[in-house]
Amino acid sequence: EREREKERKKERKRERERERIPGGRVLRGGEAGRGRRRRKTQTQASSYPRSAAMAGKRARRGSSLNRGEWIWLEDDDDAWVPGLVTARGSGRVSAAKWGDGHTVTVDEDKCDSSGVMMNAAMDNLVDLDVLGEGSILHHIRQRYYDNDIYTLVGGILMAVNPFQLLDIYGMDKLNAYAGGDVETLPPHVYRTASMAYTELRKTS
């Protein structure tokens with residue numbers, strides 16, 4: 001089972017390398033989150049451009065909203081979706097939604113701006129140059145596609161239900177997080193527990 005999982009990860013990596021959009025942004029495949037959002041097909045889900053900071057503060061903070069720039073647009077199904085700016089004027093922005101190419105026009109304060117760390121991959125989202133709802137959801141989604149269900153936002157550990165059994169628990173994993181400099185290790189519930197226990201011992 002572990003070998004099959006490794007092969008699936010390698011295949012997903014090869015697919016991402018084949019599927020790119022201008023600007024070096026990598027397209028990611030997979031199934032969208034469950035719950036209130038509808039399930040997407042493989043083609044729909046893979047249309048999301050990979051971006052380490054495609055969201056930010058409202059009202060254009062950190063973004064010029066110029067033509068050709070990627071921004072985040074509010075969406076009824078996915079909360080935020082990427083859009084490519086096609087025009088701007090009179091306090092409004094027109095952008096083509098990635099995937100279906102549908103162009104929408106919204107007020108500038110109704111879209112989230114993009115940062116410049118377009119291909120960065122990081123465990124702690126506070127290291128992004130621009131941080132907002134869109135970027136948080138986007139990165140959690142991308143990590144979910146890679147079966148990385150734990151993500152840090154500062155000192156907060158965020159977890160997503162993988163809806164499958166993952167080989168990320170057990171004594172070997174637990175021992176790796178037991179003591180030492182666990183802050184350099186990837187996000188994990190074991191990491192959070194180890195840090196909490198260490199602090200309790202320090203403060204008695």
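How many residues lie between strand 6 and strand 7 in the hairpin that they form? There are 5 residues between them, and G99 in the turn has a positive phi of about 115°. Strands here, like helices, are DSSP runs numbered from the N terminus, with at least two residues (E) for a strand and at least four (H or I) for a helix. Before going further, please keep in mind that this is a predicted model, in which local features need pLDDT of at least 70, side-chain atom pairs count only at pLDDT 80 or more, and totals for chains, interfaces and linings use all residues. Residues are numbered from 1 along each chain as its sequence is written, and side-chain values use heavy atoms, with hydrogens and water left out.

Strand 6 and strand 7 (residues 103-107) pair in the antiparallel sense over 5 bridges; two strands count as paired if DSSP finds at least two bridges between them. Across this pairing, R92 stands opposite D107 in strand 7.

Now step back to the whole chain. The secondary structure comes to 5 helices and 10 strands. Of the 204 residues, 41% are buried, where buried means under 20% relative accessible area, exposed means over 50%, and partly exposed is in between (1.4 Å probe, protein chains only). The accessible surface comes to about 11700 Å², and 51% of it belongs to carbon and sulfur atoms; such areas come from the Shrake-Rupley method with a 1.4 Å probe, and for residues only the protein chains shown count as cover. Among contacts (heavy atoms within 4.5 Å) between residues at least 6 apart in sequence, 48% join residues at least 24 apart.

Next, look inside. In soluble globular proteins, nonpolar side chains tend to be buried together. The largest nonpolar core in this model has 9 residues: L65, I71, L73, V81, V85, V93, A95, V104 and C111. Strand 4 (70-75), strand 5 (79-89) and strand 6 (92-97) each supply at least two residues of this core. A core of this kind is a set of buried Ala, Val, Leu, Ile, Met, Phe, Trp, Tyr and Cys residues joined through side-chain atoms within 4.5 Å.

Charged side chains come next. Side chains of opposite charge can pair when their charged atoms come close. With a salt bridge taken as a side-chain nitrogen of Lys or Arg within 4 Å of a carboxyl oxygen of Asp or Glu, the count comes to 6. One of them joins R143 to D123, with the closest N and O atoms 3.2 Å apart. This pair links distant parts of the chain, 20 residues apart: R143 sits in helix 3 (residues 133-145), and D123 in the loop between strand 8 (111-112) and helix 3. R143 is buried at 13% relative accessible area, whereas D123 is partly exposed at 33%. Another salt bridge pairs K202 with E199, their closest N and O atoms being 3.8 Å apart. Both residues lie in helix 5 (residues 189-203), 3 residues apart, about one turn of the helix. K202 is exposed at 61% relative accessibility, while E199 is partly exposed at 43%.

Rings of Phe, Tyr and Trp (its six-membered ring) pair if their centres lie within 6.5 Å; planes under 30 degrees apart count as stacked, over 60 as edge-to-face and the rest as tilted. A search of the whole structure finds 3 such pairs. In one of them, the rings of Y144 and Y145 have centres 6.1 Å apart and planes at 55°, so the pair is tilted. Both of these tyrosines are buried. The rings of Y177 and Y190 have centres 6.4 Å apart and planes at 65°, so this pair is edge-to-face. Y177 lies in the loop between helix 4 and helix 5, and Y190 in helix 5, 13 residues apart. Y177 is buried at 9%, and Y190 is buried at 18%. Together with Y169, Y177 and Y190 form one aromatic cluster.

Finally, V189 is also found in helix 5. V189 touches Y150, L157 and Y169, not counting residues up to four places away in sequence, and is partly exposed at 35% relative accessibility.
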